[in-house]
Amino acid sequence: MTTQGDFLKKIKQALAFALVGSALIPLFQNFSDTSSSASTKSSSTDVKKFSFSNGSEFPGASGKLSIAAPTSGDSIIILKYDFTHGGNYVASSLPLTTPVSGDTVRFKMNVPLQSVIYLRVTDESKQTLQFVVNHSTLLTDDTGWTTVEVPVTSSESFWGDSSTGKLKGRIISLSLGIGNTKRNPENTIGQGLFRQVQVFNKNRFSPTTPSASFSAIHFNNGAEFPGAQGSIEVIAPTQGDSLQTVAYDFTRGGNYVSSRMQLAAPVDGHYVRFAFKADANVLIGVRVTDESGQTLQKIISRASLPMDAYGWSTATVDMESSNSFWQGAKTGKLQGRIQSLGLLVDHGSAKGVSGVAYFRQVEVLNFLPSMYNSTVVPKINPLRLAAFSNGAEFPGATGSMGIASDNGDYVHKIDFNLKAGNYVADVMTLATPVIANEVRFLAKIPTGLDIAIRVMDSAGQSFQTNFISRQFDSINDDNWRSYVVPLGAWAFHFGGANDGAFKGSVTQVKIILDRGPQGKKNSKLSVLPSGTFYVRGLSLGVGASTHLDLKPNTIVYPALGKANSDPTLTTGVSYHSRVEASYKMAEEIGFKYARTDITWNGVESVKGTYTTKGIVSSVAGMHAHGLTPVLIFDYSNKNYPPVGDYPIDLAAFQKYVAAVTTALKGQNVVYEVWNEQDLWGFTAPQYAKLLAATADTVHAIDPERRVIAGGLAGANFSYIYRTLAEKVPRNVAAFTIHPYTRNDPEQIADKRAAIKDMIASFGINSGLATTEVGASSYWYDAVDPKSETAESYHATTITRQILTSWASGELITLIYQLQDAPFDPSKPKPQEFYFGLTGPRMEAKPAKNAVQLLLHSARVRKYQGVVSGSKSGLQAMKFTSPQQETMYVVWNNIRNTTVSFTAINDCDKSIDFTGAKASKSTSCVIDHQSEALPCIKNGNGTVTCSITERQGPVFVRMKR
């Protein structure tokens, strides 16, 4: 880590601003730190007093607050911490002399990579809202400073007088804190630096620093088409943050006005990227002049560009394919570097209009910064060298690489053999170092193998990410997967300074293909120890906020599920109760399957006597409510001890199977062979023997019945592999897993894909099923599992588990379980009492409402696929029907983040999402509890909505 003194030497003169409306008001200026005390008095009238807090409600933390105020430069808050003796956090408090209006807090910080950073704001109602700053993916500049923007209008963590979680009135104080990570002993003692704290209204002004350096910016009224008038104002604080305000008036004629920017030095690139906000009735264009003096112009298509919650759109314009060109070389192709550029406002077909357009974040790039649009391919490969690596530090891996051209893009083909060694890699050295906080690329990589990213900085230090999960929303029609990998959360580092502090720019990228933990333990478990993977379209840059533009014709990827299908027909519930009320509740929610045990000991409690009357009655009850029973043959019998080394008496078990199958012959049931046998004591070869024998017994009596393997704890890849290696018969309909996840259920999609590929590699035509998946609200609040927060996350997780299963195309998906068991404090594992969709008396919980809404609204439509999201976790799934409006289910799968989407605000408000007649006017966008989601109405018939993880999934419908 660079020392504090080094930072102070590198700081340029700057001033922090609070942005209220369009005015710039200092929040704090320079401070004098003559005493180095924990409380330093301000010379500014805007901050009354800085004070230090050791978080005394959680005793043990200590530290110190001081203010560094160099003669030339902005003040720096230095917050030292020591968690050696415990505690949860330390903080610096900044009460304001005058309350400040704003919806966003912006500041710069230099903190250890693994630090947990808190922001607290207190409003005029004396309510305090707390925010956790996720800085792992944010860009850090060459001097170690990271810029953070935190929307503060609402929070899930709050306290105080009003206690609504919504910002009330103006902000009266701020607090910046550092939390005790606990899990990272190396970060027990240290310090964090903060500066340039700002409060502003983002929907009215948003500062940015352009990456290209402009020596001059001028207004141009398009004099070759006389009549246009206007002006330009550049709002640029000393530090360089700028906003261009371009006023235009075509009431007296003219065609266009523009902001004309002269570059301080020519730039090698042909992509121009910028953010803009302008009325829908004008056209926006870009004009560049190259080194030959040629000018190229392109008018952009605004219809395909999404807007964020504040009306800003970001355009990336390829100037190699311009609408018009003149002067200089007159080739229509860029000749050399770009010397100047202009941003145009054209009256288009709406003559006589006037107004104001805004521009910011103007950049000239030599790489394509976004790969979400599958029709766009980078035309300039930013590589100086591409090479193959066999991970020589772990000897044994072999392979080679070839490079081919495809539609102007380079495809790297890497042949590999990982029967020994650890990994192979595609090594790409950049022609020009790039400042970036994310890497993007397309790849075709065999399932069952792990992938990681390693980058090198300007000082020769290498940093590697953890293994990257391939989520279900990232595959296109040509089987290329889109990877968006945030940089900053490193698994380890080495080389160079070897201090864990990233310096300068990215100079090299390695895409690593690894055998993974299972492959290293036993090479026989690797499905594809040798093969080929492909990489194309590498780009690096600074990632923008995720935003999706949802329309009736939005393109989706089919992903792993089957397009134009009804996935609700595969969905059911796993529970222990076999009573009429449970069947009725399962039908009400919309389930089509119901799973329950028919234990050996229950059927044959008296040796040689088989009691099946109750099972026959239960099956009839399930059928009466439209449910297909999934009946589990399982567990031991007191009358039969194990035979030798085998866990049960297999011959006696088959007589029990035969008795049940005979009693239910011809009935629509599914038989599952055991439950979590990998935890029960069966080795994989022993279980393979049980599965084969049971399938043969069932099919000898009732050939049409489906038999599935028992559900394994988790997604036990290696157990299924060893079972299949025993030559399991082909009459097993599916292999089955229990992939419980507290968070991130989407990540299971990749494991499901790997298992399906493995099954296919054995030549067996069996599917994949999930006979238990769910969540306990206890996981989210052990003190009060019935709290609103716990049950909200519970509902969110379960609906996302179902959606992930649908995208994976599973044969059956069953939620565990229907109702909570009455709590018994004397029993271990209290989480077991809070898995239900309903309470112990079948009273509805949020999870029941969410699942019921999902199943009933999807049932009247067909699943079409997923809209590709990005690294910040915005997911959307599309459903259509000739009779019903198009529906999207949208969710955010990353905690402590907010993502947004724009949707057509046009639906039939006299019906609900299931197509039924509504008793009152309904909203086009609702949350998983059927409440209208607050969204911002735009002027073009759309709404822009923002969601946190806890608010999703949300449901959007629009007319076709």
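Cys935 is partly exposed, with a relative accessible area of 25%. Its bonded partner is Cys945, which is buried at a relative accessible area of 0%. Here buried means under 20% relative accessible area, exposed over 50%, and partly exposed in between, with a 1.4 Å probe and protein chains only.

The model is predicted: local features need pLDDT of at least 70, side-chain atom pairs count only at pLDDT 80 or more, and totals for chains, interfaces and linings use all residues. Residues are numbered from 1 along each chain as its sequence is written, and side-chain values use heavy atoms, with hydrogens and water left out.

A search of the whole structure gives two disulfides, a disulfide being a pair of cysteine sulfur atoms within 2.5 Å.

| Pair | S to S | Torsion about S-S |
|---|---|---|
| Cys907 and Cys924 | 2.1 Å | -95°, left-handed |
| Cys935 and Cys945 | 2.1 Å | about 110°, right-handed |

Cys907 and Cys924 both lie in the loop between β48 (899-904) and β49 (925-926), so their link ties together parts that are 17 residues apart in sequence. Both Cys907 and Cys924 are buried.

Strands (E, at least two residues) are DSSP runs numbered from the N terminus.

With bonded cysteines counted along the chain, the disulfides follow the pattern 1-2, 3-4.

Notes:
Helix = DSSP H or I, 4+ residues; strand = E, 2+ residues; numbered from the N terminus.
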